Amino acid sequence: MSNLIILISILSLVLIIANFLATNDCRKSYEILKNILKNSTRYEHFVNNAQNKNEAFLSFLNSDTFNVNNYLNFVSKEQIISDSLSNKNIAKDNFIGFKILSIILAFICVTAIVGILGVIFFKIGFSFVALFSAIAISIIVLGNKLKMKVLNEPLVWTDLLLFKEAFSHPGLYFSYASTKSLIAFILLISSLIVGAVLTINICTWQDVSFYQVLVMAICSLGILIIPFFLPSSWLIKILQKLNFNLSHIALYDATAFTPLFSFYIQLLELKATKDIVYKKCQNSFKQNNEVMLDSENTISNNTFDNVLLVQAESYCSLNKLLNESNYEFEKLNQKYGSNYDLDIAWDGAYTMRTEFEVLSGTCIHDLGIFAYNPYLLVQKFKFNSIAKILKQKGFYTVCIHPNSELFFGRDKVMKNFGFDEFVALKDMPNLERNGPHVSDVALLNFTKDYLNKLKANHQKVFVFVISMEAHGPWHKGRLPNKELNDALMIYKEHLQSLSNAITSIVTTPNLFDRVVVYGDHLPSITDIKNAGFAKFDISPQVLTFENIDAIKSDMKAEVFENNSEVQNSNENNISNLKIKAQDVKDLVIKSL
């Protein structure tokens with residue numbers, strides 16, 4: 001049995017070391033995020049209400065009558081985040097205990113992996129079971145490292161459900177890995193395969209029987225899954241009594257518990273609170289939706305026929321972050337509109353988080369464990385949205401997105417958000433691309449044409465456009481017609497395309513009467529992210545064009561082309577006023 005013990009010991013050691021190294025990476029990243037949060041309006045209510053909420057929660061938890069359905073009314077993340085922002089040591093009282101538990105968890109996980117693979121592949125030999133086990137551990141470790149490098153966030157439970165998306169759209173995921181990383185991974189796997197082949201007659205099961213491996217697999221797996229069979233009310237109490245409180249800020253939780261242990265707690269919390277969150281979606285969210293839909297003051301008294309909301313992929317102000325000149329559409333915005341910083345808490349990807357908050361007006365942290373991917377809920381339940389509010393006021397609502405309608409389950413999401421139509425890539429297959437994705441100019445030209453078709457049957461139209469052109473990665477050769485090797489220079493080309501597209505929209509007569517443009521997150525480009533981190537600000541921008549008639553009037557009078565105020569407005573003109581993503585709806589449906 002010595003070979004089996006050696007294998008489990010080695011793989012456990014690898015996973016434990018990798019887990020602690022990842023914890024250190026998360027700690028460094030969270031120290032930056034903590035300073036960003038301190039400058040943010042996003043978590044003000046966490047800090048301001050922390051003491052009262054935590055006392056109420058403790059009273060609730062220790063009461064004789066434990067009503068599990070009220071759990072989310074006393075979520076203790078406010079105290080967790082408040083303590084963190086106040087520079088208190090993360091999980092100070094239980095720091096060593098959490099680390100010991102993470103070591104034990106790593107050992108049990110490795111034992112379970114080896115046991116399960118041993119049962120499945122027992123007959124083909126010990127060497128190949130060792131091979132498959134090593135590959136499984138490597139994928140976990142390297143997958144987490146890649147995500148930290150690109151998105152500055154460790155693996156979370158919702159990533160288990162993104163595997164399908166990753167393999168359906170590999171260019172949006174695996175292409176972020178550098179060539180060196182891919183070569184290193186291939187060499188690692190090749191070495192493991194060669195090692196398995198060479199040792200097939202040397203490393204054997206020895207005196208280990210199939211039934212012993214089966215018992216090992218059942219016992220180790222049983223330890224992991226037993227908590228999932230407990231009643232939700234028991235599991236919630238256990239999690240709270242053991243101080244396994246998640247903030248649902250992945251970097252903080254991974255620092256406090258280690259990434260591996262945090263991941264396991266996420267799964268436990270999912271089991272404990274899923275039905276509670278579902279019920280909240282059906283009840284309290286429904287009540288809030290009815291209030292919003294009945295509110296007459298949500299719409300401006302001004303009349304406007306067509307409204308455009310653009311979610312510009314990875315858009316941010318280079319003027320603000322890198323002190324570079326504004327693009328044409330930003331100059332137009334400074335004279336004819338307003339601009340804001342979009343207050344978000346993630347610096348790369350996770351489009352669906354920003355998109356959800358903007359469309360629904362709901363903070364993702366009101367969703368508990370589903371904060372990591374709110375669209376898992378919207379695929380199942382109807383949510384209030386900008387689209388529903390405007391439908392109540394006679395608007396025909398359309399979402400246009402040049403990607404698969406299945407990505408993020410948007411075919412179901414947009415339906416549950418109340419859109420009348422969802423126009424996806426399959427409906428516009430021949431649009432021009434600029435790099436791997438449909439260009440913003442082609443996309444918004446399509447939007448113009450589509451709007452003109454809708455005008456025949458609909459007096460008021462709301463269009464939500466989700467762009468794709470600037471989606472990373474920004475590797476050399478991305479733009480075949482331009483010899484650009486630098487990611488930042490490639491990104492600038494895409495910003496120019498966005499500028500051309502938005503400028504065309506707001507200067508075209510008889511089109512949209514109000515236009516709002518926002519970025520979903522910063523691009524994962526080192527120069528930009530480092531600039532954001534240095535300023536403790538990772539906000540993309542929101543631009544509103546509510547005075548479009550003036551733009552058209554100036555264009556007609558030939559004032560615009562010679563207006564030095566617009567042409568030379570290059571520096572220090574980006575507003576520092578922050579707006580929460582869930583409040584962007586007010587820019588769309590209210591007068592400013």
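Which residues is phenylalanine 417 in contact with, leaving aside its neighbours within four places in sequence? Select Phe417 and look around: Phe356, Leu359, Ser360, Tyr375, Val378, Phe383, Asn384, Ser385, Ala387 and Lys388. Contact here means heavy atoms within 4.5 Å.

A word on what you see. This is a predicted model, where local features need pLDDT of at least 70 and side-chain atom pairs count only at pLDDT 80 or more, while totals for chains, interfaces and linings use all residues. Residues are numbered from 1 along each chain as its sequence is written, and side-chain values use heavy atoms, with hydrogens and water left out.

With Phe417, they touch the most other members of the largest nonpolar core, which has 108 residues. Such a core is a set of buried Ala, Val, Leu, Ile, Met, Phe, Trp, Tyr and Cys residues joined through side-chain atoms within 4.5 Å; buried means under 20% relative accessible area (1.4 Å probe, protein chains only). Now select helix α12, residues 259-282: it gives this core its largest share, eleven residues. Another core, of 55 residues, lies apart, and includes Leu318, Leu443, Phe512 and Val517.

Now show the strands (DSSP E runs of at least two residues, numbered from the N terminus). Eight of them form an open, mixed sheet: β4-β3-β5-β1-β6-β7-β2-β8. Two strands pair if DSSP finds at least two bridges between them. Find β4 (421-423) and β8 (578-580) at the edges: each has a single partner strand, so one side of each is left without a neighbour in the sheet.

Last stop: β6 (514-519) and β7 (541-545), which pair antiparallel over four bridges. Valine 515 stands opposite phenylalanine 545 in β7.

Technical notes: Buried < 20%, exposed > 50% of the residue type's maximum accessible area, 1.4 Å probe, protein only.
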